[in-house]
Amino acid sequence: TTEGCRQSDRTTDVTGSEVRLTCACNFSGSVAVQDLPGGCDNVPYSTLLYDECRVCGGDNSTCRGCDGVVASGNLLDGCNICGGDNSSCAGCDGIPNSGKVFDWCGVCGGDNSTCTGCDGKTVHSAVTARTGLVPKAYDVCQSPTHPQGVCGGCGASCKGCDGVSNSVRDWDKCGRCGPYTNPDGTQYSVSSKDNCTLGLTSCA
C-alpha cells in the first residue's frame, strides 16, 4: 500500500537516474507503509532503468551511431559511408552522387566545348599554359565559301596589301597599295588600278 507514503523520498543511481521509490514509513491506524522498489517510470516493482541515451527503459538505440557505438555521433553520409564526409562519391561539384566530372577543358560537368576549336580538336588549358597553343577559331574572313570565316586562318586570306583584314586594298600593276579616293602620284584609284600611267607616275 502507498498509504502514508511521501513519494518525494527517492533513491537514484550514480547517473542521477531514479531507480527506486522509497516511502517513508509511518502509521495510519494499524496499516504500516512499506518500502517499495520502483523503476525510472515511477511504477512500484518496475525494473526499468534509464539507458545511456537517457531513455527510460530504452535499449541505447536512439543515440547509437551507425558504427554501433552509443553516442558516437557517427552517421551515414550521402555515399552511405558511416562517419564519412561525402567525398567518396562526390562529383567535382562537391555534391554526393552528382556524377559530374571535369572535362578536358578543366570545367566541372563541362562538355569540352570551351577548349574545342572550330576544327573539332580539344586543347587542354594546361597545354595552352605550357606551350601557348590554343584551340583554333574562325577568323574574320567571311565569304560564300567560308560563311563563318576561315578556321584558324588568322585573317590572312582577306588581308589587304596594307596588312589589314577586310581592308579591300590591293596592289596595282605597279606594285602600289590602294585604291585611294583622291590618289596622288604614288597612289591609284579604282578606275586606274590596271593602268599605271592613268593619273599616276610610271612604274619606273
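Before the first click, a word on naming: helices (H or I, at least four residues) and strands (E, at least two) are DSSP runs, numbered from the N terminus. You're looking at a predicted model, where local features need pLDDT of at least 70 and side-chain atom pairs count only at pLDDT 80 or more, while totals for chains, interfaces and linings use all residues. Residues are numbered from 1 along each chain as its sequence is written, and side-chain values use heavy atoms, with hydrogens and water left out.

**The whole chain**

Start with a cartoon view of everything. Trace them from the N terminus and the order is β-β-β-β-α-β-β.

Accessible areas here come from the Shrake-Rupley method with a 1.4 Å probe, and for residues only the protein chains shown count as cover. The chain's accessible surface is about 13,200 Å², and carbon and sulfur atoms account for 53% of that.

For single residues, buried means under 20% relative accessible area, exposed means over 50%, and partly exposed is in between (1.4 Å probe, protein chains only). Of the 204 residues in the chain, 22% are buried.

One more overall number concerns contacts, meaning heavy atoms within 4.5 Å. Take the contacts between residues at least 6 apart in sequence: 11% of them join residues at least 24 apart.

**Stop one: asparagine 60**

Select asparagine 60, which sits in the loop between β4 (31-32) and α1 (125-131). Is asparagine 60 buried or exposed? It counts as buried, because its relative accessibility is 17%.

Next, show its neighbours. Leaving aside residues up to four places away in sequence, asparagine 60 touches Asp51, Glu52, Cys53 and Val70. Zoom in on glutamate 52: the side chain of asparagine 60 reaches the backbone nitrogen of glutamate 52 at 2.7 Å.

**Stop two: the disulfides**

Time to colour the cysteines. A disulfide is a pair of cysteine sulfur atoms within 2.5 Å, and searching the whole structure turns up 9 disulfides. Here are some to visit.

Pick cysteine 66 and cysteine 82 first. They form a disulfide with their sulfur atoms 1.9 Å apart. This pair links distant parts of the chain, 16 residues apart, with cysteine 66 and cysteine 82 each in the loop between β4 and α1. Look along the S-S bond: the torsion is about 90 degrees, so the disulfide of cysteine 66 and cysteine 82 is right-handed. Cysteine 66 counts as partly exposed at 34% relative accessibility, and cysteine 82 counts as partly exposed at 33%.

Move on to cysteine 92 and cysteine 108, a disulfide with sulfur atoms 1.9 Å apart. Cysteine 92 and cysteine 108 each lie in the loop between β4 and α1, so the pair ties together parts that are 16 residues apart in sequence. The link of cysteine 92 and cysteine 108 is right-handed, with 90 degrees about the S-S bond. Cysteine 92 is partly exposed, at a relative accessible area of 25%, and cysteine 108 counts as partly exposed at 29%.

Now jump to cysteine 161 and cysteine 177, joined by a disulfide (S to S 1.8 Å). Cysteine 161 is in the loop between α1 and β5 (170-171) and cysteine 177 is in strand β6 (residues 177-178), so the pair ties together parts that are 16 residues apart in sequence. Its S-S torsion is about 85 degrees, so the disulfide of cysteine 161 and cysteine 177 is right-handed. Both ends are hidden by the cut-off used here: cysteine 161 counts as buried at 17% relative accessibility, and cysteine 177 is buried at 16%.

**Last stop: two positive phi angles**

Go to asparagine 42, in the loop between β4 and α1. Although asparagine 42 is not a glycine, it has a positive phi of about 65 degrees. At 40% relative accessibility, asparagine 42 counts as partly exposed.

Finish at alanine 71, which also has its place in the loop between β4 and α1. Phi of alanine 71 is near 60 degrees, a positive value in a residue other than glycine. Alanine 71 counts as exposed, at 58% relative accessibility.

How values were computed: A polar contact is a pair of N or O atoms within 3.5 Å; within protein, one must be able to donate a hydrogen and the other to accept it, and residues adjacent in sequence count only if both atoms are side-chain atoms.
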